[in-house]
There are 2 protein chains.
Amino acid sequence: MQYLVEPLRNYYLTKYPIETLFSFPITPYIQVCQFERGEFIFKEGSYPEYLYYLVEGKAKLYVTHENGKVSLINFLQAPTFMGEIELLNEERISKAIQTVTKVTCLAIPIHTCKEKLLTDATFLRQLCIFLSQKATTISAKYTENQVYPLINRLAAFILVSADHDFYKEKHTEVCEYLGVSYRHLLHVFAKLCEEGMIKKQSRGFMIVDRFRLQQLAK
Amino acid sequence: MQYLVEPLRNYYLTKYPIETLFSFPITPYIQVCQFERGEFIFKEGSYPEYLYYLVEGKAKLYVTHENGKVSLINFLQAPTFMGEIELLNEERISKAIQTVTKVTCLAIPIHTCKEKLLTDATFLRQLCIFLSQKATTISAKYTENQVYPLINRLAAFILVSADHDFYKEKHTEVCEYLGVSYRHLLHVFAKLCEEGMIKKQSRGFMIVDRFRLQQLAK
DNA sequence: AGAAAAATATGAGATATCTCATATTATTGT
DNA sequence: ACAATAATATGAGATATCTCATATTTTTCT
């Protein structure tokens, strides 16, 4: 991870104006930082020093269970806060965040800003909206996981993540996200191919029958 | 549902002081209302008129899927807000809330109070804390659902919900809460009995080997 | 460029969970 | 008190999903 200095710092602050989320001038407090692909933004167990606002790149939020299995709770994409739960509850970090691509964040130091933040109605309102949407998304995802078999959820996932009818996500990430074993994920991919809805290519799958895929996804 | 009048209204307002959650005097706006067991507090699809604060009783929050299955997302117990997500996002209600016992709520009319609420830092901060805890609870529940088979989760559930080593929850509710079929829930109860960890009684189960149950629950 | 690590692939067998059918018992409303 | 409704119970068979083992290919690091 590295902190950006001027003029780069200012470039990002201008490109992603964050002041509107606060009722006081936040810019002087903010550091702009970049994480390499694969770096950890938060590790389970520590206390966060910054509240981050992700502006570029993609990261994943996950938890490691006692039995060693990992659940990928969500992919995080701009714009999103990270570390807000710990800010509110003075807790240790219970979920790791690791970048998937190079990531740029605006970092608000908790030590110096906490009091200001927790009494700022503008910020708190934004945070409420953000948190409520997060809760809604997560609970929707998991109730669906529970009620539909993988073939339906995978059809839906292929549709939302394909770009120009071409799907190329990593199986290793997707099986954690959808909460199934790697093996089973491949079984179901094979089935969708057999049924002629998608077709395997060198580095991904081509959607060949969008209509039937949509029906499966419901 | 019925609204309580004085002196009962005042009795509840005194017993459950809610003013501390706001920076302005909220009491004049509040109605106290009671729902009978089994009544709906929210039905999917409508817009809420009140933000409720549950002070007595127990309710369940659930969602009905397109395939007709129902997921019980969470049991709601005092103290908790209901309808806060719709207040923040101006959305239709996407999750039904039905009471499990008789329920008493403090009801804040959205129509008259919305602006005041959404600019009140004290309230917003409380709501942020509430929402973040809700998000944490729900995501913990579902990631566990996904990673542990029912026998482990049921062991844990029996331990937390038993009273003096006696478990007497309704199977019909529990299978929805744990996200499995009724049939499968009973299979696993039978298994725990066979293994001698619990023992069936006329209207519930007695815990007879707490230690092994705890090991299963991990 | 070569070694190490990560991702992909596939088989075989086990098990967790579901669907549907049907019967009995308890609870609730009138 | 009785009818209606909800909850409990159990069997049989299907299927969704997991575990483990192992091989190949691709990507990353030095």
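Helices (H or I, at least four residues) and strands (E, at least two) are DSSP runs, numbered from the N terminus. This is a predicted model, in which local features need pLDDT of at least 70, side-chain atom pairs count only at pLDDT 80 or more, and totals for chains, interfaces and linings use all residues. Residues are numbered from 1 along each chain as its sequence is written, chains are lettered from A and ligands numbered from 1 in the order in which they are written, and side-chain values use heavy atoms, leaving out hydrogens and water.

**View 1. Asn89 of chain B sits in a helix and touches chain A.** Look for B:Asn89 in helix 2 (residues 84-89) of chain B. Is B:Asn89 buried or exposed? B:Asn89 has a relative accessible area of 16%, and buried means under 20%, exposed over 50%, and partly exposed in between (1.4 Å probe, protein chains only). Leaving aside neighbours within four places in sequence, B:Asn89 is in contact (heavy atoms within 4.5 Å) with A:Ile129, A:Ser132 and A:Gln133.

**View 2. Five strands of chain B form an open sheet.** The strand order is 1-2-9-4-7, with antiparallel pairing; two strands pair if DSSP finds at least two bridges between them. At the edges are strand 1 (2-3) and strand 7 (80-82) of chain B, each pairing on one side only. Strand 2 (residues 31-35) and strand 9 (residues 103-109) of chain B are joined over five bridges, and B:Gln31 has B:Ala107 of strand 9 as its bridge partner.

**View 3. Helix 1 of chain B packs on the sheet.** Helix 1 (residues 8-15) touches strand 2, strand 4 (50-56) and strand 9 of chain B. The direction of helix 1 makes about 95° with that of strand 2 of chain B; axes are lines fitted to C-alpha atoms, for helices over the stretch in contact, and angles run from 0 to 180 degrees between N-to-C directions. Helix 3 (residues 110-118) lies across strand 4 and strand 9 of chain B, at about 70° to strand 9.

**View 4. The two chains are related by a rotation.** A rotation of 180° with 0.0 Å of shift along its axis superposes chain A on chain B (RMSD 0.1 Å), by least squares on the C-alpha atoms of residues with pLDDT of at least 70 in both. The copies are thus related as by a two-fold rotation axis.
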